[in-house]
Amino acid sequence: MKKIVLDARDMEYPLPLQLSLSHLQKMTLDEYLYMLHRKNPIPLIEIAKEKEYAYLTHNHNDIWHILICKNQNCNLEGLLDV
Amino acid sequence: MFSQGGLSLEQAPPLSVVLRFFISASVFGLILGLFLLFSSLDFIPSTQYSFDLTIIHILALGVMASFMLGAMFQMLPVIAGVVIKMPTKKAMVAHILLTIGIFFQIGAFYSSTPLLYLLTAIVLGSGLLYVSILMLKNIIKIKDHSSSSKGMLFALSSFVIVITLGVVMLLSLGGYINSSSFSQIREAHYSFALFGWISLLIVSISFQVIEMFYVTPKYPTIMSKYLVITIFSLLGIKTIMLFSLLNSQIIDILISLLFIIYATITIHRLYKRRRPTSDATVWFWRLGMSLLIISMLIFILGDNIDIDYLGYITFIGFALSIVFAMVYKIVPFLVWFHLSNQGYMEAPMMHDVIHPQKAKIHFWLHLSIISLWIINILFSIPIIEIIANTLLTLSFGWLLYHLINAIKKYRYIQKNYDSIEW
């Protein structure tokens, strides 16, 4: 699986949403988005849910790790990097 | 524009719901500018009383309330998790009643015709009460309040009080009821309007947007938790004192001090941005907060009518600055978001919808207007007043042009490109 990294911790809203949506729209089945954020980006997760993408959110040391994949069978837990 | 409560942007209302209010606010701004300009050129005969009432209400309702209600329709679903069912229809009803009501009101203030006062009370009162109670009813249902949603509850409650008192005054001016406490009602009306509705709404929204938009440290918990309720309670106490014929100056001073603390902390937060970039919306916020501090200092220290005018002008400058800051963030975001989510790969990025440079030009226009108004109050130079009013017309014309342009870009993409399923 090819990892698309997006470190949005210092980005002003709504840039993280803009960039992540742009990645999701172009994503192929063998890619996944790995996003770091200071908040849980609920709007993004809701969109991923609605578009039936696989997703995982995990808070580690006050940093949110968000993994989203177009392939529903993708094992995101195994790709979590904490 | 974002969510903390598990609701998606999908539940945000259609673009037209928000933009109908923003467009009409800009048109009222244009009318206000032209009205002031023609008055300064002596083209419009009026008494000082009807003139003051007219400009205050075009500004407070036509401009401010329109912008604020439009923003509320957008923000309530995503900031507070409140879903307003059939938003397009409800926004249209409120918008039509508000717009017609304002014209009735201008007519009433100018002609003092009892029937127009009655029509204003019915049309404007019902339109504003309808929309504010609709929003309030939904906010009350929230189980787990954030500081922003709780703040909105108090801001809207203030608005309901403002409207109710306004209706009483209109009926009283029209001679339909006999109000012996007119001056107390009037003071409670504008106290709740300025400090409750306008200021508390800005404070509540800032608790969420300052940190999110500009990557700043959080507001102190004591402030985000207790500031709004404290100010609302103080306004309640002030009203009781007014009707008991007690001097409520101490309450005004306390409220002003609290706003000074809030504005100082907001400016401090904006200087602590993690990645400071040149952004006109930050300039608007900084200017707005600085003007709020000046305005509140004047309310505390002022002791004559000219100084009081300065307080009002700086307060208007504060409120408009924040409104402009929000509009330049909300509109480009919404155009981009709605198109992008509909699957248009060619959706313009935010800076292509309204280029940041355009917002900067508006900022300098806005700053010039406030500076010229202040100079005019201090030195009373007719030509300065004319220039300021011309620039005010230009300022709202500028905003209107860019809002219409944003809509055109939105429609152009929808019409000329194919959307993808994703």
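B:Leu245 lies in the loop between helix H7 (221-243) and helix H8 (249-271) of chain B; helices (H or I, at least four residues) and strands (E, at least two) are DSSP runs, numbered from the N terminus. This is a predicted model, in which local features need pLDDT of at least 70, side-chain atom pairs count only at pLDDT 80 or more, and totals for chains, interfaces and linings use all residues. Residues are numbered from 1 along each chain as its sequence is written, while chains are lettered from A and ligands numbered from 1 in the order in which they are written.

Most residues other than glycine have a negative phi.

| Residue | Phi |
|---|---|
| B:Ser112 | about 55° |
| B:Leu245 | about 60° |

B:Ser112 is found in the loop between helix H3 (87-111) and helix H4 (114-140) of chain B. With 15 other C-beta atoms within 10 Å, B:Ser112 is partly exposed, whereas B:Leu245 has 9 such neighbours inside 10 Å and counts as exposed. Here, buried means 20 or more other C-beta atoms within 10 Å of the residue's own, exposed means 12 or fewer, and partly exposed is in between, with C-beta atoms placed from the backbone.

Now to chain A. Its 4 strands form an open sheet in the order S1-S2-S4-S3, with mixed pairing; two strands pair if DSSP finds at least two bridges between them. Strand S1 (2-7) and strand S3 (54-60) of chain A are the edge strands. S1(A) runs parallel to strand S2 (residues 31-37) of chain A, and 6 bridges join them. In the loop between S1 and H1 of chain A sits A:Pro14, and the peptide bond from A:Tyr13 to A:Pro14 is cis, with omega near 5°.
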